[in-house]
Structure formats: C-alpha cells, structure tokens
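Subject: Structure for you to look at

Hello,

Here is the structure I promised you. Please open it next to this email and follow along.

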Amino acid sequence: MLTKAEARKVMLAIPGTDERPWFNQPSVFIHDRFLAKTHHKEDAVTLQVGSMEMRDMMLEAEPKLFYITDHYRKFPIVLIHLSALTKTVLKEMLVGRAAQLAAMPPIKRRPKTKKKIAAKRVKR
C-alpha cells in the first residue's frame, strides 16, 4: 500500500520527469507528455496508457489493481488503487510507459502569439 506522497516520490524519481499543473492539478510529465498524477479525489494514481485496447486489457487482467471512473471512459487512462500498489510495481509501470513516451517524436508546439488588444478610440 502506498500513500499519495510516496507515489508522487516514485513518479518524480523516474529520470527525465518533472512536475507541472495539468487541469489545475500537480502532474508528472516526461518529455512534455503527461505520464501520471495522484488523483485529487480518489485514493489512486492516474496513469496514461498507450491505447484504449491496452487500458481495457489492464482493467480485465487486474481488476483489483486497475479501474476507471465515468470521467475516464473515453480516454486511454487507468486509475490504480493505492491500496493494492507497491513502489516496485508503480516504478515498473512508470518506467515502461516513460520509455514509450521517450520513443515518440517531440511534440511540436506552435509559438505563442501575443493577443492584440484593440485600441479603444476616444471620442473628442
């Protein structure tokens, strides 16, 4: 069994990871891609997986470890029960997913443009 703080330490110990907000929640990224986070309501880790098929296989293979809520039905994400999780298992899952993300091409971001604010005309 892990606490949220222990899970966060394991996530941030993966080489190349950093923490930043994602949907206003502290989350762990690797190579500018979301990796995982501790869930803000559930006693769980939120882990992005490679595909919906992979997610469904994980849910079927280990129902005591993995689950989803209605919010995540349309996304390749699983929730992992902290009560059924060990540091070793979490690290293995994160290292495997981090390797997949590292092998992907870099994310091409559009340069941020400054929004032009229309000047208000003053009537004289």
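Helices (H or I, at least four residues) and strands (E, at least two) are DSSP runs, numbered from the N terminus.

Two notes before the rest. This is a predicted model, in which local features need pLDDT of at least 70, side-chain atom pairs count only at pLDDT 80 or more, and totals for chains, interfaces and linings use all residues. Residues are numbered from 1 along each chain as its sequence is written, and side-chain values use heavy atoms, with hydrogens and water left out.

**The whole chain**

The chain has three helices and six strands. From the N terminus on, their order is α-β-β-β-β-α-β-β-α. Of the 124 residues, 34% are buried. Buried means under 20% relative accessible area, exposed means over 50%, and partly exposed is in between (1.4 Å probe, protein chains only). The chain exposes about 9200 Å², and carbon and sulfur atoms supply 57% of that area. These areas come from the Shrake-Rupley method with a 1.4 Å probe; for residues, only the protein chains shown count as cover. Contact means heavy atoms within 4.5 Å. Take the contacts between residues at least 6 apart in sequence: 50% of them join residues at least 24 apart.

**The sheet**

Strands of a sheet pair through backbone hydrogen bonds, either parallel or antiparallel. Two strands count as paired if DSSP finds at least two bridges between them. Here, six strands form an open sheet in the order β1-β2-β3-β4-β6-β5, and the pairing is antiparallel. Which strands stand at the edges? They are β1 and β5 (66–67). Each has a single partner strand, so one side of each is left without a neighbour in the sheet.

β1 and β2 pair over six bridges, in the antiparallel sense.

Next comes β3. Three bridges join β2 to β3, and the two run antiparallel. F29 stands opposite F34 in β3. β2 and β3 also form a hairpin with two residues between them; H31 in the turn has a positive phi of about 50°.

β5 pairs with strand β6 (residues 77–81) over two bridges, in the antiparallel sense. F66 has I80 in β6 as its bridge partner.

**Rings and a charge**

Rings of Phe, Tyr and Trp (its six-membered ring) pair if their centres lie within 6.5 Å; planes under 30 degrees apart count as stacked, over 60 as edge-to-face and the rest as tilted. By this rule there are three aromatic pairs. Take W22 and F34: their ring centres are 3.8 Å apart and their planes are at 25°, so the pair is stacked. W22 lies in strand β1 (residues 17–22) and F34 in strand β3 (residues 33–38), so the pair ties together parts that are twelve residues apart in sequence. W22 is partly exposed, at 25% relative accessibility. F34 is buried, at 5%. Ring pairs link W22, F23, F29 and F34 into a cluster.

R20 lies over the face of F29, at 4.5 Å from the ring centre. A charge sits over a ring if NZ of Lys or CZ of Arg is within 6 Å of the ring centre and within 35 degrees of the ring normal.

- S27 lies in strand β2 (residues 25–30). Is S27 buried or exposed? At 0% relative accessibility, S27 is buried. Beyond its neighbours within four places in sequence, S27 contacts residues including R20, W22 and F34.
- L65 is buried too, at 10% relative accessibility. L65 and H81 are 16 residues apart in sequence, yet 5.5 Å apart in space, C-alpha to C-alpha. Leaving out residues up to four places away, L65 touches L79, I80, H81, A84 and L85.
- I107 is in the segment after α3 (87–102). I107 is partly exposed, with a relative accessible area of 29%. I107 and R33 are 74 residues apart in sequence and 8.1 Å apart in space, C-alpha to C-alpha. Not counting residues up to four places away, I107 touches D32 and R33.

Best wishes
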